[in-house]
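Hi,

Here's the structure I promised to pass on. Have a look at it first, and then read on for my notes.

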Amino acid sequence: MACALTRWFCSCCLLLGLSGCSPDKAVTGLQVKAIGSLDRFAPFEPVVGKDEVTLFAARNEYEGFQFVITGGTQGAVNVQASISPLRNEAGDVIDTVQVFRERYVKVNTPSPHSPYPPQYWPDILLPAANPAEKISAAYRAFPQNLTAGENLPVWVDVHIPAGTKPGVYTGKVQVNADEQAPLELPITLTVWNFTLPERSPLRTVFGTNGYRVAEIYGFERTGKSADDNRLIRAYNDFMLDHYLTPESLWDASPEADTNGKPDFQRSFAGLGTVTENMRHYMQDKHASTYTYVFADSYPFADPLGKDRQRAQQFMRDYAGWCAAEAGAERCYTDPSFVDEPDTRDAYQYARRWGEFFDEIRLPKGEKIRFQVSEPPLNENPALGSLLGAVDVWIPKFYDLWLDVDHLGKNVVGQRLALGEEVWAYTALVLDFDEYRKRNPRADVLKGNYPPVWQLDFPAINYRIPTWLFHRYGVTGLGYWDTVAWADGADIWNDAASFISDNPPGLRFNGDGLLVYPAKQAQTGFDGPLASLRLKWIRESVEDYMYIDLLLQAGESEFVQQQLGKIARNFGDWDNNPAVLMQVRQALGERLASL
């Protein structure tokens, strides 16, 4: 094996015990290096990093950073890492800091078109705040033992409270191990004098189904168990703490009473009524979106037929309540209600639902916004047309490129001009045929392509989409699931979360799995654990906020100039994280100067 081909191949050599690759001979003792937030190093890969952490952030922002501890030629025992509070010269303190060890999972079979060979990737974030007693080393953050040359990557979340004084704050990373001299890594954080909003202007709907949580933990979702309800709530709150709204807020959804009216006083043990729970999500957790829990068979058996009048009255009351509690601008039908229609019957079915919702008139003239996960550009006229029936279009990233940039039709722009909305999403298989025609390298995607959300693609894939959204007028981001994996999958060790049936056997590593379920027997508690990829998406939403604030301030020309350096369209964007960070800093400095 020619280990020099890539740094990833080199780490494979080390894992397999082959000659020709070794850790940096100069590193004889414990080493700690700061790396970029989008960098990843394999378990035995020589780490290229810096001797200091430099951060820039707004108030009310989460800013993440990484560092890697390396065992040196002798390894290390009982390795611990901590972060000191950050202080300015006046003595003001930022102590809202969380530390996570990054646990590796393995890609045994690469995802389609992945540019990387089989490899171990850091992804599962284990919180240092979780007590280590009675937890095996595999499922705790610290302490850890390292063999010679072994890496231990660490993610750190720094939250800058909204009331923080602008200026420079300093602190340090502290690393200790038995019989080794302590190590320190200085941290410098510049807090800019502007504040991110509590609620993201980017609409988000991410699959986090309470039934799935119940299945994972082995209970029946009835609403009668306070412990079970609180566990589902923990998953919903966890997503909202990352600016991502769960697709179905079950405990904030009414059932139909005996008269077919929505029951907003429906109560959940340990939580409260539907209305109280709605206020928790909308007011306390600042959800960007609420999706109605309403479907073709719930709560009425035949809403398009014999139950039509009752179903429409139910939705009229439901939508009026949502508008009063959340604001009509945050209320939508579920995007999976009509999901990727691809036949003439499916198109006709979607049109019938569009007519159903259009017939409902709300007191203040608000419209029930009907979402369909389909692009407004339909290249197959035999299917029919959805124009005029859909209020919110949700195309794939690829479909945006095809419509606007490749074919130049810009049906997206036409629908936006009519007052409709366009969101976007990615999931599993993407059609790369047109990319192959334009770029022969597309068989192994290393350059420009629609961002792919699989573990074994460049990390920037998770952060670049929201930069591109502003080019198209896209105001929402969807994703099909966050706690999904194939039957029998060992998600703690094997990244193959989704295995396709058609064509059979394709592995989509990490797709649909952004949150790992911690269980009492392994980690000492039940609840959600973040992936590294979830942190990148959170930072992407914050990037969207930066751009949105600048546009609100009339800085459109500056924004377009900066976006031209990194995100031109879904077929032409820069794959270099350093460029993205440079542009982000320019955006922040511009906001701070206004």
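Where is L362 found? It's in the loop between α6 (344-358) and β20 (371-372). Keep in mind as you read that this is a predicted model. L362 has a relative accessibility of 9%, so it counts as buried. Leaving aside neighbours within four places in sequence, the residues in contact with L362 are R316, A319, G320, K367 and I368.

Next up, α3 and α4. The axes of helix α3 (residues 226-240) and helix α4 (residues 274-284) come within 11 Å and cross at roughly 25 degrees. Angles under 35 degrees count as roughly parallel, so that's what α3 and α4 are to each other. On the α3 side the contact is made by R233, N236, D237 and L240, and on the α4 side by N277, H280 and Y281. By class, that contact has 2 nonpolar, 3 polar and 2 charged residues.

α4 has these buried residues: V274, T275, N277, M278, H280, Y281 and M282. Their cover includes α3, β15 (262-263), β16 (267-268), β17 (272-273), β18 (290-291) and α5 (308-326). After α4 comes H286, with a positive phi near 60 degrees.

D237 is buried, yet has no salt bridge. The nearest side chain of opposite charge is R233, 4.5 Å away, while a salt bridge needs the nitrogen within 4 Å of a carboxyl oxygen. Outside the four places either side in sequence, D237 is in contact with H280, Y281 and K285.

On to the salt bridges. The count comes to 26, and here are some of them:

- D51 and K33: the closest N and O atoms are 2.7 Å apart. D51 lies in the loop between β1 (31-35) and β2 (53-59) and K33 in strand β1, so the pair ties together parts that are 18 residues apart in sequence. D51 is exposed, at 52% relative accessible area, whereas K33 is buried, at 18%.
- D157 and R538: the N to O distance is 2.7 Å. D157 is in strand β10 (residues 151-160) and R538 in helix α12 (residues 532-552), so this bridge ties together parts 381 residues apart in sequence. Both D157 and R538 are buried.
- R279 and E325: the N to O distance is 2.9 Å. R279 is in helix α4 and E325 in helix α5, so the pair links parts that are 46 residues apart in sequence. R279 counts as partly exposed, at 38% relative accessibility, and E325 as buried, at 16%.

There's also a network: E61, E63, R463, E539, D543 and R584 are joined into one by salt bridges that share partners.

Back to helix packing for a moment. Helix α10 (residues 465-472) and α12 pack at an angle of about 35 degrees, and their axes are 8 Å apart. From α10 the contact takes in T466, W467, F469 and H470, and from α12 it takes in S540, V541, D543, Y544, I547, D548 and L551. The residues of this contact divide into 6 nonpolar, 3 polar and 2 charged.

Last, some backbone geometry for you. Most residues other than glycine have a negative phi, and most peptide bonds are trans. Here are some exceptions.

The peptide bond from F142 to P143 is cis, with omega near -5 degrees. P143 sits in the loop between β8 (119-127) and β9 (144-146). Y298 and P299 are also joined by a cis peptide bond, with omega about 0 degrees, and P299 lies in the loop between β18 and α5.

For positive phi, N60 has a value near 60 degrees. N60 is in the loop between β2 and β3 (61-70) and is buried, at 12% relative accessible area. The phi of E340 is positive too, near 45 degrees. E340 is in the loop between β19 (331-332) and α6 and is partly exposed, with a relative accessible area of 33%.

Cheers

Definitions and conventions:
Residues numbered from 1 in each chain as written. Predicted model: local features only at pLDDT ≥ 70, side-chain atom pairs only at ≥ 80, totals over all residues. Heavy atoms only, no water. Axes fitted to C-alpha atoms, helices over the stretch in contact; angles between N-to-C directions. Helix = DSSP H or I, 4+ residues; strand = E, 2+ residues; numbered from the N terminus. Parallel < 35°, antiparallel > 145°, perpendicular 65-115°, else oblique. Contact = heavy atoms within 4.5 Å. Nonpolar A, V, L, I, M, F, W, Y, C, P; charged D, E, K, R; others polar. Buried < 20%, exposed > 50% of the residue type's maximum accessible area, 1.4 Å probe, protein only. Lys, Arg positive; Asp, Glu negative; His and termini not counted.
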